[in-house]
Structures are given as C-alpha cells and as structure tokens.
Amino acid sequence: MKWMISANGKMYDHAAAFQKWGFIDWRQRANYQIGDEVYIYCTRPYMRVMYKAVVIKESLSYLQIQDDTEFWHIREEHDKALNGKYARLKLISQVDSDKLSLPYLIDIGLKAAPQGPVKISETLANYIDSNMDEYSSDNIFPDSDNMDKCYEGATQQVLVNKYERSSIARQRCIEYNGHCCFVCGMDFEKTYGEIGKNFIHIHHIVPLHEIDKEYIVDYKKDLIPVCPNCHAMLHRKISGEYVSWKELRKMIQNK
C-alpha cells in the first residue's frame with residue numbers, strides 16, 4: 001500500500017530526526033502494514049512532497065519508540081500522542097523539487113493537500129518516484145570531492161550526497177542568507193530574470209568527509225550560498241590546500 005501523510009516542521013523537526021536516526025516514529029492514524037511506502041508532504045512554506053519512507057515497524061507503544069522530545073517544537077502536541085500507537089518510518093529518499101509541489105500533485109490526481117494519512121494511486125506514486133532522485137532535484141547540489149564515500153550514521157549507512165546534504169538544511173540556509181553568492185555577490189534573478197529566480201548552490205564550509213559522521217549540519221554556521229563558478233573554485237586547491245570563501249572573495253576584490 002502507498003500512503004501520503006503531512007508533516008509540519010514548525011511543530012516537529014522531522015528533518016533533524018531523519019538526519020540523526022534515519023527514521024521517525026510517527027503517530028499511527030492508519031492501518032499501516034510493514035513494507036508500506038509513505039510519501040511525506042511538508043506543509044508551509046514548502047507545500048510539496050519531500051520524503052519517501054517505508055514502514056518497518058507498526059503498532060508500537062510509546063514505551064517502544066525512540067525518545068524524540070528534542071525535536072518537538074510544540075510539546076503539547078507531543079504529549080497528546082502518548083497513549084496512541086506509532087509506526088516506524090525508515091527514510092528511503094529525500095528531494096526538494098518544484099515538480100512535487102501541490103499544484104503538480106493535484107494535476108496527477110491528488111484531491112487536496114493531505115490533512116491525515118491518505119491512500120494514493122499507483123499513477124501518483126509513480127509520478128512522485130520519477131521525481132524522487134537527486135537528478136530531479138531543483139535544490140540539491142554536490143559539494144564534496146568524495147562523492148562515493150559512505151559514512152556510517154546512527155542506525156544505517158547512507159551516501160553522503162543523498163542523505164547528509166539535507167534539502168531542508170539547504171532551504172533553511174537560503175531563507176536565512178538569501179540567494180546571492182557570498183563570494184562574488186551574484187544574484188541570478190537580477191542577471192537572468194525569471195529563469196534565474198531562486199537559483200543558487202550551497203557550500204559546506206567544512207567538508208562533510210572531514211567532520212564526525214553523526215554531525216548534524218547547522219545551516220547558520222556550516223552552509224553558505226555560492227554561485228556555481230565560485231563553488232567550483234572553492235573545491236580547487238592551491239599548493240594542496242582549499243581556499244576559504246573569505247579568501248576567495250579577497251582574490252576577486254583584488255582583481
């Protein structure tokens with residue numbers, strides 16, 4: 001069975017929970033079966049499907065689930081669910097694509113933004129799957145030379161470029177810093193017009209392969225928006241060393 005559920009990041013930080021454990025324990029409001037696929041629709045400001053998960057456990061009691069109180073922004077909502085049952089949803093993939101936004105989903109057959117768990121058609125599931133890989137993403141870009149290296153997470157092994165590069169962390173970085181390149185100041189919308197709107201790369205200041213494997217990215221401290229040209233230069237070396245974004249900015253200014 002294939003389901004769609006809604007997630008409000010202002011109530012519960014599912015992005016951080018997925019990043020820490022590779023799964024979330026979700027209040028079970030439907031008759032899930034192990035092996036069911038669950039697409040997670042993120043509410044405002046995203047209003048799109050951003051995660052695909054699979055049910056690996058069901059009918060868990062509160063005493064059997066992972067303690068995730070650190071990720072609840074509204075503790076009252078957490079406490080309401082204590083007497084209910086939970087399903088464990090293991091992350092399969094995540095992406096941030098305009099093609100998975102609500103208008104597209106409605107065109108393919110979704111009646112409205114999901115308020116609770118709803119069964120979805122094979123047609124809609126196939127459409128979502130076709131846009132659920134990193135190449136379909138509008139907002140995930142590589143930023144490491146070690147693209148094939150795997151890191152052992154808290155509970156599972158995942159590819160860095162598909163997991164640790166959280167599309168949510170990227171989006172929050174953009175919301176915090178804007179779309180202009182930190183190095184050269186380029187604004188794609190001003191340069192190219194409508195086609196350049198909201199386009200930018202995101203750079204990890206400290207490469208992921210150099211930090212602890214279970215480190216949770218801080219979008220304020222660890223990420224900056226950069227244009228593709230500056231991004232490429234940040235991943236080149238001078239005398240065997242990478243330059244920082246501040247050093248690269250000075251190089252441009254000195255030219």
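**The sheet, its aromatic pairs and its core**

Guide: In this predicted model, W3 counts as buried, at 6% relative accessibility. Y32 is likewise buried, with a relative accessible area of 1%. W3 and Y32 form an edge-to-face aromatic pair, with 5.2 Å from centre to centre and 85° between the planes. Because W3 belongs to strand 1 and Y32 to the loop between strand 2 and strand 3, this pair ties together parts that are 29 residues apart in sequence. A further pair, W21 and F23, is stacked, since the ring centres are 6.1 Å apart and the planes stand at 25°. W21 is buried at 8% relative accessibility, and F23 is buried at 7%. The count of aromatic pairs comes to 10, and Y12, W26 and W72 form one aromatic cluster.

The sheet itself is open and is formed by 6 strands in the order 2-5-4-3-1-6, with mixed pairing. Strand 2 and strand 6 (118–119) are the edge strands, each pairing on one side only. Strand 3 and strand 4 run antiparallel and are joined by 6 bridges; V38 stands opposite A53 in strand 4. Helix 1 packs on the sheet, where it touches strand 1, strand 2, strand 3, strand 4 and strand 5, and its direction makes about 135° with that of strand 2. Helix 4 (residues 122–130) lies across strand 1, strand 3 and strand 4, at about 65° to strand 1.

The largest nonpolar core has 26 residues, of which I24, I40, Y51 and L89 touch the most other members. Two or more residues of this core come from each of strand 1 (2–7), helix 1 (14–21), strand 2 (23–27), strand 3 (37–42), strand 4 (48–60) and strand 5 (86–94). Helix 1 gives the largest share, 5 residues. Beyond its neighbours within four places in sequence, L89 is in contact with I5, F18, G22, F23, I24, W26, V38, A53, V54 and V55. A second, separate core of 18 residues includes A169, I174, C181 and V243.

Q66 is placed in the loop between strand 4 and helix 2 (75–80) and is partly exposed, with a relative accessible area of 28%. Leaving aside neighbours within four places in sequence, Q66 is in contact with W21, F23, D25 and R88; W21 and F23 are the stacked pair described above. The C-alpha atoms of Q66 and I24 are separated by 8.1 Å, although these residues are 42 residues apart along the chain.

Technical notes: Residues numbered from 1 in each chain as written. Predicted model: local features only at pLDDT ≥ 70, side-chain atom pairs only at ≥ 80, totals over all residues. Heavy atoms only, no water. Core = buried A, V, L, I, M, F, W, Y, C linked by side-chain atoms within 4.5 Å. Buried < 20%, exposed > 50% of the residue type's maximum accessible area, 1.4 Å probe, protein only. Helix = DSSP H or I, 4+ residues; strand = E, 2+ residues; numbered from the N terminus. Contact = heavy atoms within 4.5 Å. Pairing = 2+ DSSP bridges. Axes fitted to C-alpha atoms, helices over the stretch in contact; angles between N-to-C directions. Phe/Tyr/Trp six-rings, centres within 6.5 Å; stacked < 30°, edge-to-face > 60°.
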